[in-house]
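Biologist: I have a chain open on my screen. Can you walk me through it?

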Amino acid sequence: MMIDNYLLEELAVFAKTRTLAQTAEQLNVTQPTVTRGMQKLEDDFGVRLFDRQPNRIKLTETGELAAAEATKLIKLNLEMIDRIKKFDYSQHSIRIGSMIPGPLILLNHLHSVLPDDIQVEKESLSGDKIEQQLMRNDYSLIFSNQEILTSEIESQYVGTENLQVNLDQFMFQANQSTVHFQELKNLSFIVLREIGSWRDIIQKEIPGAKFLYQEQRDAFADITKYSNFPYFTTNLSQYDTILLQRKSKNDDRVTVPIWDESAKMVIYVSYLTKQKQRLTPIMNLIRDSWPN
């Protein structure tokens, strides 16, 4: 016996709303339609799901169990549809994400030479683990500082992101060819909030520093333009069009590389091994375009 999906949906919604009127409104049907559906459900199951009173209807204990199971089935059905759609999309398109913003800057720079079937996520990813997002076909390629090697997923090295600090030319550290994190102690920095793993690194490595986090790239670029606060960039920032457009020609800051090992982040791109062949050309393009 198969229970129609629309009946399971009526049962699940009624379990939430607890009234016929609200169930009908939420499902955009008439109240008599809901009533007939409930009777059909009981006929199909062959059990009593509802306790009917003159001015009230509620679920029996069996009905509560049926509603809980219906909710699970509806969720599984939606997840199945989502998985199938994502799998189909992954067969003819490439969706790229990154756990850190640097690679997204490079991909934006390469936009004009990327194939038409490539979609790049504009914001850094968060939440689920890389493995889960790849296995669900949320993304074909994900950039991160993690190397993943499993029976179904592998990673390739694409380049190293090197942290730099932009200092007022009159600061004594600006006259050095390189600096260490310790030499930046007690300074105040303008920092983009979404910088991935770099956030933990700078907070850990620079004693007594204050970080003035900015949510928006435009606001960050404006503040760096009209103030002398130091800020961080990397070797990928040379492709950051927003930062370059907002940067004043009279900016007297000096870009100084940070020499500590923790200021050098090795970047990998991860993917499903079964898709390696079709993804190799785009990975080679990114690796060849990576700056020193």
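Modeller: We can start with the whole chain and then go to single residues.

Modeller: This is a predicted model, where local features need pLDDT of at least 70, side-chain atom pairs count only at pLDDT 80 or more, and totals for chains, interfaces and linings use all residues. Residues are numbered from 1 along each chain as its sequence is written, and side-chain values use heavy atoms, with hydrogens and water left out.

Biologist: Fine. How many helices and strands are in the chain?

Modeller: The chain has 10 helices and 11 strands. Both are DSSP runs, numbered from the N terminus: helices are H or I with at least four residues, strands are E with at least two.

Biologist: What is the radius of gyration of the chain?

Modeller: The chain has 28 Å, while a compact globule of 292 residues would have a value near 19 Å. That radius is taken over C-alpha atoms, and the globule rule is 2.2 Å times the number of residues to the power 0.38. Along the principal axes, the C-alpha atoms fill a box of roughly 85 × 45 × 30 Å.

Biologist: What share of the residues counts as buried?

Modeller: 44% of the 292 residues. Buried means under 20% relative accessible area, exposed means over 50%, and partly exposed is in between (1.4 Å probe, protein chains only).

Biologist: And what about the contacts in the chain?

Modeller: Among contacts with a separation of 6 or more, 68% join residues 24 or more positions apart. Contact means heavy atoms within 4.5 Å.

Biologist: How many positive and negative side chains does the chain have?

Modeller: There are 33 positive and 39 negative ones, and the centres of the two sets lie 2 Å apart. Lys and Arg count as positive, Asp and Glu as negative; His and the chain ends are not counted. Each charge is placed at NZ of Lys, CZ of Arg, CG of Asp or CD of Glu.

Biologist: Let's go to the start of the chain. What is the reach of H1 from its first C-alpha to its last?

Modeller: Helix H1 covers residues 5-17 and reaches 18 Å, close to the 18 Å expected for its 13 residues at 1.5 Å a residue. The expected span is 1.5 Å times one less than the number of residues.

Biologist: Which residues of H1 are buried?

Modeller: Leu7, Leu8, Glu10, Leu11, Ala12, Val13, Phe14, Ala15 and Thr17. Their cover includes helices H2 (20-27), H3 (31-45) and H4 (61-92), along with strands S1 (50-53) and S2 (56-59). Just after H1, Arg18 takes a positive phi of about 70°.

Biologist: Why does phenylalanine 14 count as buried?

Modeller: Because its relative accessible area is 1%. Not counting residues up to four places away in sequence, Phe14 touches Thr19, Leu20, Thr23, Met38, Phe50, Ile57, Lys58 and Leu59. Phe14 and Leu59 are 45 residues apart along the chain, with their C-alpha atoms separated by 8.8 Å.

Biologist: Switching topic. Where is tryptophan 198?

Modeller: Trp198 is in helix H7, residues 198-205. Trp198 counts as buried because its relative accessibility is 4%. Beyond four places in sequence, Trp198 is in contact with Glu161, Leu163, Thr234, Ser262, Ala263, Lys264 and Met265. From Trp198 to Ser262 is 64 residues in sequence and 9.3 Å in space, C-alpha to C-alpha.

Biologist: And histidine 92: what is it in contact with, leaving aside neighbours within four places in sequence?

Modeller: His92 is in contact with Asp117 and Arg278. His92 is in helix H4 and is partly exposed, with a relative accessible area of 45%. Arg278 is 186 residues away along the chain, yet the two C-alpha atoms are separated by 9.9 Å.

Biologist: Now the loops. Is asparagine 137 buried or exposed?

Modeller: Asn137 is buried, at 12% relative accessible area. Asn137 is found in the loop between helix H6 (130-135) and strand S5 (141-144). Its phi is near 65°, a positive value in a residue other than glycine.

Biologist: Is asparagine 186 buried or exposed?

Modeller: Exposed, at 57% relative accessibility. Asn186 is found in the loop between strand S6 (153-168) and strand S7 (188-192), and its phi is near 70°, again positive.

Biologist: Last one. Where does glutamine 216 lie?

Modeller: Gln216 lies in the loop between strand S8 (210-214) and helix H8 (217-226). Gln216 counts as exposed, at 54% relative accessibility. Gln216 and Thr178 are 38 residues apart in sequence and 29 Å apart in space, C-alpha to C-alpha.
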